[in-house]
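Open the model in your viewer and keep the selection panel handy. We will go from pockets to sheets and helices, one selection at a time.

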Amino acid sequence: MDQRLSLVTLVVADLAATRRFYVDGLGWEPLMEAPGEVLMFQVGQHLVLSLWDEGHATEEIGPVVRGGTAPLTLAHNVGTPADVDAVLAHARRAGAATVRDGVQREWGGYSGYFTDPDGFLWEVAHAPGPLGELVVP
């Protein structure tokens with residue numbers, strides 16, 4: 001198996017609300033959309049983020065468990081700490097349920113967090129050095 005990730009799928013409770021957040025609020029352009037079922041965005045050269053309606057998802061994958069903080073984060077890396085603050089402000093204006101302001105981190109970077117309508121946690125980070133060079137376009 002190749003060492004790569006092609007698609008990240010998040011199961012969402014209200015696809016219309018999720019669409020409003022990502023498309024209308026954050027200004028993202030859908031790659032593909034099946035209204036009421038799935039919404040997809042190209043988020044990297046060979047990477048797609050899929051937002052899948054819970055009703056349709058459970059037909060294929062079984063019951064979905066909700067509650068608490070999901071044991072994962074999604075990350076959006078940017079070039080400077082000021083960019084972190086700007087993205088967090090944009091998420092706040094888009095209606096992010098929670099926004100945690102950027103702070104200097106012990107590991108040498110600067111990051112903050114926001115949640116989308118389903119509580120998925122997005123880290124917005126400036127990671128100086130080789131990692132930052134790898135993940136920032």
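Here a pocket is found on a 1 Å grid over the protein atoms alone: it is an open set of points with protein on both sides within 12 Å along at least five of seven lines, where a cavity would be a set of points where a 1.4 Å probe fits but cannot get out. Grid points are joined across faces, edges and corners, and a volume is the space filled by probe spheres set on the points. Lining residues have an atom within 4 Å of a point.

Some notes on the numbers: this is a predicted model, in which local features need pLDDT of at least 70 and side-chain atom pairs count only at pLDDT 80 or more, while totals for chains, interfaces and linings use all residues. Residues are numbered from 1 along each chain as its sequence is written, and side-chain values use heavy atoms, with hydrogens and water left out.

**Stop 1: the second largest pocket**

Select Val-65, Arg-66, Ala-70, Asp-118 and Phe-120, which are the closest to the centre of the second largest pocket among its 16 lining residues. Its volume is about 320 Å³. The lining divides into eight nonpolar, six polar and two charged residues (Ala, Val, Leu, Ile, Met, Phe, Trp, Tyr, Cys and Pro count as nonpolar, Asp, Glu, Lys and Arg as charged, and the others, Gly among them, as polar). Strand S1 gives the largest share of this lining, three residues.

**Stop 2: the sheet that holds S1**

Helices (H or I, at least four residues) and strands (E, at least two) are DSSP runs, numbered from the N terminus; two strands pair if DSSP finds at least two bridges between them. Colour the open four-stranded sheet with the order S1-S4-S3-S2 and mixed pairing. At its edges are S1 (7-12) and S2 (32-34), each pairing on one side only. Now pick S3 (residues 38-44) and S4 (residues 47-53), an antiparallel pair with six bridges. Gly-44 has Leu-47 of S4 as its bridge partner.

Next, show helix H1 (residues 15-25), which packs on this sheet and touches S1, S2, S3 and S4. Contact means heavy atoms within 4.5 Å. Helix H2 (residues 54-61) also packs on the sheet, touching S1 and S4. Zoom in on Asp-53, which caps the N-terminal end of H2 with a side-chain oxygen 3.1 Å from the backbone nitrogen of Gly-55. Just after H2, Gly-62 has a positive phi of about 95 degrees.

**Stop 3: the largest pocket**

Which residues lie nearest the centre of the largest pocket? Select Val-43, Gly-44, Leu-47, Ala-75 and His-76, part of a lining of 21 residues. The volume of this pocket is about 730 Å³. Two or more lining residues come from each of S3, S4, strand S5 (74-77) and helix H4 (130-135). By type, the lining has 14 nonpolar, six polar and one charged.

**Stop 4: the sheet that holds S5**

Follow S5 into another open sheet of four strands, ordered S5-S8-S7-S6 with mixed pairing. S5 and S6 are at the edges with a single partner strand each, so one side of each has no neighbour in the sheet. S5 pairs with S8 (residues 121-126) in the parallel sense over four bridges, and Ala-75 stands opposite Glu-123 in S8.

Finish at S6 (residues 99-104) and S7 (residues 110-115), which are antiparallel over four bridges. Val-99 stands opposite Phe-114 in S7. In their hairpin, with five residues between the strands, Gly-108 takes a positive phi near 105 degrees.

Definitions and conventions: Axes are lines fitted to C-alpha atoms, for helices over the stretch in contact, and angles run from 0 to 180 degrees between N-to-C directions. A polar contact is a pair of N or O atoms within 3.5 Å; within protein, one must be able to donate a hydrogen and the other to accept it, and residues adjacent in sequence count only if both atoms are side-chain atoms.
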